[in-house]
Amino acid sequence: MSDVTETESLEPPIADTVDNPVSGIDQTAGNFSYKMDYEFDAGTGLSEKTVRYISSVKKEAPWILEFRLNALKQFLAKPMPTHWATKDLENINFDKIRYYLSSGQKPKRTWDEVPDDIKKTFERLGIPEHERKFLAGVEAQFDSEAAYSNIKDIVSKQGVIFVNSTEGLREHPELFRKFFGKVIPTGDNKFSALNSAVFSGGSFIYVPKGVKVAQPLQAYFRINAENFGQFERTLIIADEGAEVVYMEGCTAPKFSTSTLHSAVVELVALKGAKIQYITVQNWANNVFNLVTKRGVAHEEAEIKWIDCNIGSRLTMKYPGVVLKGRKARGEVISIALANDGQHQDTGAKMIHAADETTSNIVAKSISVGQGRSTYRGVVHIPKHLKGCKNNTECDALLISPNSRTDTYPAITVRGDRNSVQHEASVSKVSEEQIFYMQQRGLTEGQAMSLSVNGFINDLARQFPMEYSVELKRLIDLEMEGSVG
Amino acid sequence: MPQLEIKDLHVSIGEKQIVKGLSLTVRSGEVHAIMGPNGTGKSTLAKAVAGHPSFTITSGDVLLDGKSILAMQPDERARAGLFLAFQYPSEIPGVSIANFLRAAVQARLGEGEELDATAYYKRLYSKMDMLQIDRKFTSRAINDGFSGGEKKRCEILQMAMLEPKFALMDETDSGLDIDALRIVADGVNALRSTNLGVLMITHYQRLLSYIVPDHVHVMWDGRIVKSGDKSLALELEAKGYDWVKNELVPA
Ligand SMILES: Nc1ncnc2c1ncn2[C@@H]1O[C@H](COP(=O)(O)OP(=O)(O)OP(=O)(O)O)[C@@H](O)[C@H]1O
Ligand SMILES: [Mg+2]
C-alpha cells in the first residue's frame with residue numbers, strides 16, 4: 001500500500017538569520033502523500049447515512065448520534081454566509097467530499113506500533129523528534145483519526161488527560177459532555193454545524209486544579225487523502241488555577257481538487273486558569289479552511305490565541321474569547337499571509353461579559369501578489385459593565401500593487417466606564433526598500449522575506465522559539481516562491 | 001588591476017534623459033570625487049550603476065573588471081563587489097542591523113557554507129567600535145528613526161562589513177557632524193589602503209581635505225565638463241558654478 005507521490009520537490013529554505021537557530025517542525029516538507037487503503041470509509045457525499053456510519057464506527061453513545069443528527073439538520077438548513085463572506089464559499093462541493101477515512105479508531109501509544117506509511121509521514125514532518133525534545137505530549141492525526149497519541153508519564157501522573165476526542169467521549173463522558181458544545185453551540189454558524197455532524201479526531205484535554213503543565217502539548221493534523229474533509233473537534237478544559245500551552249500544526253499535500261478543513265475548538269479556562277493556544281498552519285493552496293475557535297475565560301482566567309495562517313485557498317477564522325468572569329483576560333495575536341490566489345479572512349472576537357475584563361487584539365496581515373487579506377473584528381462591551389478595556393491593533397502590509405487588504409472592525413462599546421483603543425495601519429514594501437536590500441547583496445525574494453519578517457517581528461518574538469523559526473521558514477519559502 | 005569603467009553612459013527616467021554620455025574609470029585604491037549642482041544627475045548615475053529598476057540605461061556600458069554588469073540584477077552587482085552608500089538610505093522597519101548584515105554576509109558565502117556567528121559578531125562589534133557606533137544599534141531596525149548622521153554612519157558600517165571592491169558614496173558627508181566626518185573619513189582611508197576604489201559624490205571641499213581624492217570631476221547637466229586633481233575642488237569652491245556654466249559648458 002505504500003507508494004510515495006512527490007507532487008513537487010521543494011527547494012531548501014534559505015538559512016535562518018535568527019540569532020540561535022533551533023530546528024522546528026518542518027511543515028515546509030508537507031507536500032507529499034501516500035496511497036492508502038482505508039479500512040473505514042464513509043464514502044463520498046453527506047447524508048444521514050454518512051453521519052450514522054461515523055457514529056457507529058466509533059461505537060458512540062446514543063446522545064452523541066442524536067447530537068450529530070441534529071447538527072446535520074442545522075447545517076442543511078443554514079445558508080452559506082455569502083451575504084458578508086466571499087462568494088468563493090459557493091465553490092465547495094459538499095457532494096464530492098469524503099467525510100471519514102481511517103484505518104482504525106484507536107491511536108497507538110508508541111511510534112513503533114504506528115503503521116509504516118503513517119509513521120513515515122510524521123517522521124518526514126519531524127514530529128517524533130520534536131516530541132522527544134520539548135513536548136509534554138503529542139497527538140498525530142492522519143485524516144480522520146489520531147494515529148498516535150501519547151503523553152509523558154510525568155504529566156499523566158499529575159492527572160492531566162490528553163487524548164483524542166473519540167477516546168475522550170468514550171473514557172471521560174461526563175467531563176466531556178459537561179463542556180462540549182457549550183462554548184460554540186452547534187448552530188453558531190454553518191461550519192460549526194457541519195463539524196458537529198461529522199466531527200472526528202481533535203484533542204480532548206483536561207488539566208486538573210492547580211496543575212501547570214510545564215511543556216506544551218502538541219497536536220498535528222495531517223490530511224493525506226484527496227477530496228477529503230477533516231473535521232477535528234478539540235475541547236480543552238483548564239480547571240481552577242491550571243495552566244497549559246497547546247500547539248497545533250497542520251499540513252496537506254497539494255492536490256488538484258479542493259480539500260475542506262473545518263474544525264471546532266472550544267476552550268474553557270476556569271477561575272484563575274491560563275490557556276495558550278498556538279496555531280501555525282501551512283495548508284496547501286486548495287484547502288478551504290473554515291474553523292471556529294472560541295474560549296470562555298472565567299474569573300481572573302486568561303486565554304491567549306496565537307494564530308498564524310499561511311497557505312490555503314480560503315481561510316475564515318476569528319478566534320474569540322468570552323470574558324465571563326471578573327478580571328478575565330483575552331488575547332488574540334494573529335498573523336496571516338495571503339499569497340497569489342489566496343484569501344485570508346481572519347480576525348478576532350472579544351465578548352466582554354463581566355466587569356474589569358480586558359482584551360487585546362493584534363492582527364498583522366501580509367498580502368503578496370494577487371493575495372487578499374481581510375480583517376474582521378468584533379469587540380463587544382455592554383453598557384452595564386465597568387472597568388473593561390480593549391486594545392485593537394491591525395496592521396496590513398502590501399507587497400505588490402495588486403495585493404488587497406480590507407478591514408472590518410466592529411467595535412460596540414457602550415457606557416462611559418469602559419475604554420477602547422483602536423489603531424490600524426496599511427503599509428507597503430516600497431521599490432526603494434527592496435532596492436536598498438538588494439544593493440546589499442540579497443535577492444529580491446530574500447529582501448521581501450526580510451521585510452515581511454521585520455513586519456511581524458515584534459509578534460514572532462513572543463512565540464516559543466521552535467515556532468518562530470518555523471514561521472520564518474514558511475515565510476521565506478512563500479516569499480522566495482513569489483518572485484517571478 | 002580591478003577597475004570600474006563607466007563608458008559613455010546615457011540614463012533616463014521615463015522619457016527624461018538625465019545622464020547624457022558620461023565616461024569615468026575608477027581603479028582599485030583610487031578616490032574620485034564628483035561635484036556638481038543639485039539635480040545634475042549625480043545620484044542618478046550612482047543608482048543606475050547599482051542597477052536601480054527605475055532608471056533605464058539607453059546607451060553606453062558599465063564594466064566591472066572588464067565585464068559588463070548591465071545585465072546583472074542589483075544583488076548580483078552587489079555581490080560582485082559594488083557598494084552604494086545612499087544619499088537617502090531607506091528605513092526597513094523591524095529588521096535589525098545585526099540580522100540584516102548577517103543575511104548580507106551570508107549571501108556572499110558559497111552554497112552550503114554556514115556563517116560563523118561568533119566571528120561575525122566579533123567583526124561587527126570591532127567595525128562599530130572603529131566607527132564609534134554604540135553597540136546597542138545592532139538590535140535597532142535599519143535606519144528606522146535614525147538621525148541623518150546616524151544613517152550615514154550606518155551606511156559606512158555596512159560598507160566596512162561587506163568589503164566591496166568599489167564604493168559609490170553619495171553625499172555621505174552631508175548630515176555628519178565634524179567628529180563623525182573625521183571618523184568616517186578615517187574609516188574610508190583605512191579601506192582605501194586595502195584596494196577599495198571610491199567614487200565620492202559631494203558638495204563640499206571639506207570632505208576632500210579628509211579623504212584626499214586622486215581625481216575631481218565636475219558634473220553639469222548629465223555630463224562631466226571638467227576633470228582635474230584635488231586643486232579643482234578648491235578652484236570650484238572659490239569660483240562657484242557660474243564659472244562652470246560660463247566657461248566650461250559648451251554653448
Ligand atoms: N524617480 C524620478 N522621477 C522623475 N525625475 C527624477 C527621478 N529621480 C530623479 N529625477 C530627476 O533627475 C534629475 C537628477 O536627479 P539626481 O537625484 O540624480 O540629482 P543630483 O545630482 O544627485 O542632485 P543633488 O545634488 O540634489 O543630490 C533631477 O531633475 C530629478 O528631479
Ligand atoms: Mg543626489
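## Helix H11 of chain A

The side chains of A:Lys472 and A:Asp476 meet in a salt bridge, 2.7 Å from N to O. A salt bridge is a side-chain nitrogen of Lys or Arg within 4 Å of a carboxyl oxygen of Asp or Glu. Because A:Lys472 and A:Asp476 are four residues apart in helix H11 of chain A, about one helical turn separates them. Helices (H or I, at least four residues) and strands (E, at least two) are DSSP runs, numbered from the N terminus.

A:Arg473 and A:Glu470 form a salt bridge too, with the closest N and O atoms 3.7 Å apart. A:Arg473 is buried at a relative accessible area of 13%, and A:Glu470 is buried at 1%. A:Ser468 is found in helix H11 (residues 465-482) as well.

## About this model

This is a predicted model, where local features need pLDDT of at least 70, side-chain atom pairs count only at pLDDT 80 or more, and totals for chains, interfaces and linings use all residues. Residues are numbered from 1 along each chain as its sequence is written, chains are lettered from A and ligands numbered from 1 in the order in which they are written, and side-chain values use heavy atoms, with hydrogens and water left out.

## Two domains in chain A

Chain A is divided into domain 1 (134-436) and domain 2 (437-484), with bounds that come from an automatic or database domain assignment. The contact (heavy atoms within 4.5 Å) takes 31 residues from domain 1 of chain A and 25 residues from domain 2 of chain A. Between them the two domains bury about 2,600 Å², 75% of it on carbon and sulfur atoms. Buried area is the accessible area (1.4 Å probe) that two parts lose on being put together, summed over both.

Which residues of domain 1 of chain A lose the most area to domain 2 of chain A? They are A:Lys364, A:Ile434 and A:Tyr436, together 23% of what that side buries. The count between these domains is one salt bridge. A:Asp458 forms a salt bridge with A:Lys364, the closest N and O atoms being 3.2 Å apart. A:Lys364 is buried, at 7%, whereas A:Asp458 is partly exposed, at 37%.

## Where chain A meets chain B

Here 21 residues of chain A are in contact with 37 residues of chain B. The area buried between the chains is about 2,400 Å², of which carbon and sulfur atoms give 57%. In chain A, A:Phe435, A:Tyr436 and A:Arg440 lose the most area to chain B, together 32% of what that side buries. A:Arg440 also forms a salt bridge with B:Glu155, the closest N and O atoms being 2.6 Å apart. Helix H9 of chain A gives the most to the side of chain A that touches chain B, with eight residues.

## A magnesium ion

The protein donors of the magnesium ion (ligand 2) are B:Ser43 (OG) and B:Gln87 (OE1), lying 2.0 to 2.1 Å from it. Donors are N, O and S atoms within 2.8 Å of the metal (3.2 Å for Na, K and Ca); water is not among the atoms, so sites may look incomplete. B:Ser43 lies in helix H1 (residues 42-50) of chain B, and B:Gln87 in the loop between strand S6 (82-85) and helix H3 (97-107), 44 residues apart. B:Ser43 and B:Gln87 are both buried.

Methods
Buried means under 20% relative accessible area, exposed over 50%, partly exposed in between (1.4 Å probe, protein chains only).
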